[in-house]
Amino acid sequence: MEIRTENPEDLEAVRNVNIAAFGRENEANLVDRLRGTGSTFSFVAVQSDRIVGHIFFSPVVVEGKCSKNLSILGLAPVAVLPDYQRQGIGTLLIQQGLKECRRSGFQAVVVLGHPDFYSRFGFIPASRKNLGCEYDVPDEAFMVFELESGALQDCSGMVKYRSEFRICE
Ligand SMILES: CC(C)(COP(=O)(O)OP(=O)(O)OC[C@H]1O[C@@H](n2cnc3c(N)ncnc32)[C@H](O)[C@@H]1OP(=O)(O)O)[C@@H](O)C(=O)NCCC(=O)NCCS
């Protein structure tokens, strides 16, 4: 199992992973819209030359009180082919992805998802760091992980994803 940065020739396989994992095209289309819009990160999980998993990060902004130097990413989506789920591939993608985001100088990552799953990587409810979600979701589902300890100390406000997230198709 190898986790590596996505290559241009991976795009169709990445689409297929997202469509198969989510059972619809929305997430695959979102990735296609976001790719190349600023500091996005896309990693794939490769097993026996086959792309079996994918994770994507794109920049978010905080509308509120926050240092201009603070760079935060949103994790979305993460997907593993159904036949390959529950074998630790999603875990590897998230761990490696977070490591690369830290290495690239980002200070925090937000995610909207299952608290039981993401808490194992260190994500906590974003509300505990005074960050709110632009979507009407349960408090515990919107989470944040500080890549740099204390980075969010003087930050509060509403986290906004890129406008590409607002187009539903
Ligand atoms: C979520 C996902 C990326 C996890 O990948 P994975 O390779 O299966 O994850 P791992 O094997 O590393 O971790 C397994 C854990 O994920 C959780 N999990 C995986 N699939 C799950 C599912 N369908 N429902 C609920 N929890 C699930 C479980 O807690 C599981 O732990 P367990 O096996 O100890 O019960 C994968 O299941 C997937 O692609 N799901 C469909 C797309 C999706 O929902 N993406 C996340 C959006 S927030």
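Of the 47 residues in the largest nonpolar core, A108, V109, V110 and V144 touch the most other members. Such a core is a set of buried Ala, Val, Leu, Ile, Met, Phe, Trp, Tyr and Cys residues joined through C-beta atoms within 7 Å, and buried means that 20 or more other C-beta atoms lie within 10 Å of a residue's own, with C-beta atoms placed from the backbone. The model is a predicted one, where local features need pLDDT of at least 70, side-chain atom pairs count only at pLDDT 80 or more, and totals for chains, interfaces and linings use all residues. Numbering runs from 1 along each chain as its sequence is written.

Elements giving two or more residues to this core include α1, α2, β3 and β8 (142-146), but the largest share, seven residues, comes from β4. Helices (H or I, at least four residues) and strands (E, at least two) are DSSP runs, numbered from the N terminus. Beyond its neighbours within four places in sequence, V144 is in contact (C-beta atoms, placed from the backbone, within 7 Å) with A108, V110 and F123, among others.

Now for α2 (residues 26-34): E27, A28, L30, V31 and L34 are buried there. They sit on the same side of α2, because they cover an arc of only 160° around the axis, taken from the directions from the helix axis to the C-beta atoms. Their cover includes α1, β3 (50-65) and β4. Just past α2, G36 takes a positive phi of about 85°.

As for the ligand, 16 residues surround it, the closest being A21, Q85, G90, T91 and G113; a residue counts if its C-beta atom, placed from the backbone, lies within 6 Å. Here too β4 turns up, giving the most to the shell with four residues.

Note on methods. Buried ≥ 20, exposed ≤ 12 C-beta atoms within 10 Å, placed from the backbone. Contact = placed C-beta atoms within 7 Å.
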